[in-house]
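Hi there,

Here is the structure I promised to pass on to you. Have a look at it first, and then read my notes below.

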Amino acid sequence: MASENGHTAPALWSMMRDMEMPPHDVCYRALATRDARFDGRLFVGVKTTGIYCRPICPARTPRRQNVTFWPSAAAAQAAGFRPCLRCRPEISPDAAAWRGTSNTVSRALALIAEGGLDGDPLPALCERLGVGERQLRRLFDKHLGASPVAVAQTRRVLFAKQLIQETRLPMAAVADAAGFGSVRRFNDTFRKLYRRSPSELRRRAPAALSSVTLRLGYRAPYDWDAILAFLAARSIAGVELVENGRYARTIEIDGVFGSILVEPGRGHLRATIRFPRVAALLAIVARLRRLFDLDADIQAIGAHLSGDSALAPLIARRPGLRTPGAWCAFELAVRAILGQQIAVTGARRLAVRIVELAGSDIAPELSGDERLARVFPSAARLARTDLSALGMPRARIAALGALAQAVAADPKLIEPAGSYDETVARLLALPGFGPWTAQYWALRALRDSDAFPAADVALLRSPLVAEKGRRPTPKALLARAESWRPWRAYAAQHLWTADAEPA
């Protein structure tokens, strides 16, 4: 018998043998104890019901011989299992333990999450990644147990399910937001997968779109105070607002303006999105997950870094510390240049000035707060702006202009095409981009967990990396950081956070 994804039973069992999964006994103990540490790292297929669940599902634990374990929701769905309506796989954290070992899969998932397979065929995605189709399929089978197309389809279905249950969007808007080509196809998919119509899954009446609020899951612990303090220290007046334990900012995608507001919930973040084009919702959620580093397997990272006696106390003090990402790769590149050789407060003042000179106005009904009145400029707008009044060295003004012109001419210049090293090399070829700027940008914009700006002053002055009481050279610090791989970005974040704390 073939699965819903067309795999025959022998093909499925062959695929299962090649997948990287904990032993069956370990998975079953996680299921029997509803161990939250495994939530997002495995999914449980129940043979007797044909349903797949999260390991924390409150339903009665099935017998050992009646379950199979899968590394992703897409793999379980490709094997013919239906999502559980009780534990809701659509809000499971996406925290695969392999992250950091396959940059290609990470980059592919980032592109898929932003619509990389919506309208474009798989070969186009492979070309952007710089890998062959066969190699990408092999990597996805190994790490996720499903093909890239199956992963994209499962993401769409689960996102639509979340929109149905957590918002009051009309069904046509849900279908559009989740990337279904038509309402009929949307209805057919749900009847086949959930054995009921989308309307039957909803208990509330639909409403017109003004905003939607969604839950964004993660694996605990999560240090919300630390990430909020990081964003507050760098917030741009008019574009970002941090107050009352919440983060808000204006956003722009393809010339359309809107805003997001993020606040902590119980075991999740709650995001309120105001954006007039519902088809962009899935990409907005993907950006938010990267901005707030929601997909990190933070316990595995902490266990690895704790092997260094200097870092261990920092990990113990802040076990849920994340590396903040960026809303927009271009914006982060601009801010990285502004931050060269000056303090965070100085870079923040320059960013405010950039927005005054080149930003766009946004109406309060879109921003959600009249204090959020500006949108960070696009590359095209910045390229057209006279920056001579910016108040910083001419060389850096020229670097900003060169960056804006290059990205305006080729927006794919700063997307994760090819390997991380190839992307960083493209930035280094631009004037004004040295190793520190490129590595800092890769850490936050590319979400490269192994990026490490070894020449950073705050890292070098940390007493935790001192050699016989002296600051190490960048080369010596790089050598010291070898044992932190593939999580050097998290080690840097711990050192930065410790540096910013009162003595």
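**A sheet and its helices**

Helix α11 (residues 224-233) lies across β6, β7, β8 and β9, and runs at about 55° to β7. Contact here means heavy atoms within 4.5 Å, axes are lines fitted to C-alpha atoms (for helices over the stretch in contact), and angles run from 0 to 180 degrees between N-to-C directions. Helices (H or I, at least four residues) and strands (E, at least two) are DSSP runs, numbered from the N terminus.

Before you go on, please note that this is a predicted model, in which local features need pLDDT of at least 70 and side-chain atom pairs count only at pLDDT 80 or more, while totals for chains, interfaces and linings use all residues. Residues are numbered from 1 along each chain as its sequence is written, and side-chain values use heavy atoms, with hydrogens and water left out.

Helix α12 (residues 281-291) lies across β5, β7, β8 and β9, at about 45° to β5. The strands belong to an open sheet of 5 strands in the order β5-β9-β8-β7-β6, with antiparallel pairing; two strands pair if DSSP finds at least two bridges between them. At the edges are β5 (212-217) and β6, each of which pairs on one side only. Strands β8 (residues 256-264) and β9 (residues 268-274) pair over 6 bridges in the antiparallel sense. Isoleucine 260 has isoleucine 273 in β9 as its bridge partner.

Buried means under 20% relative accessible area, with a 1.4 Å probe and protein chains only (exposed is over 50%, partly exposed in between).

**An enclosed helix**

Among the buried residues of α15 are Phe330, Glu331 and Arg335. They and the other buried residues of α15 pack against β6 (240-243), β7 (246-253), α16 (344-358), α18 (379-383), α19 (394-409) and α21 (435-446).

Enjoy exploring!
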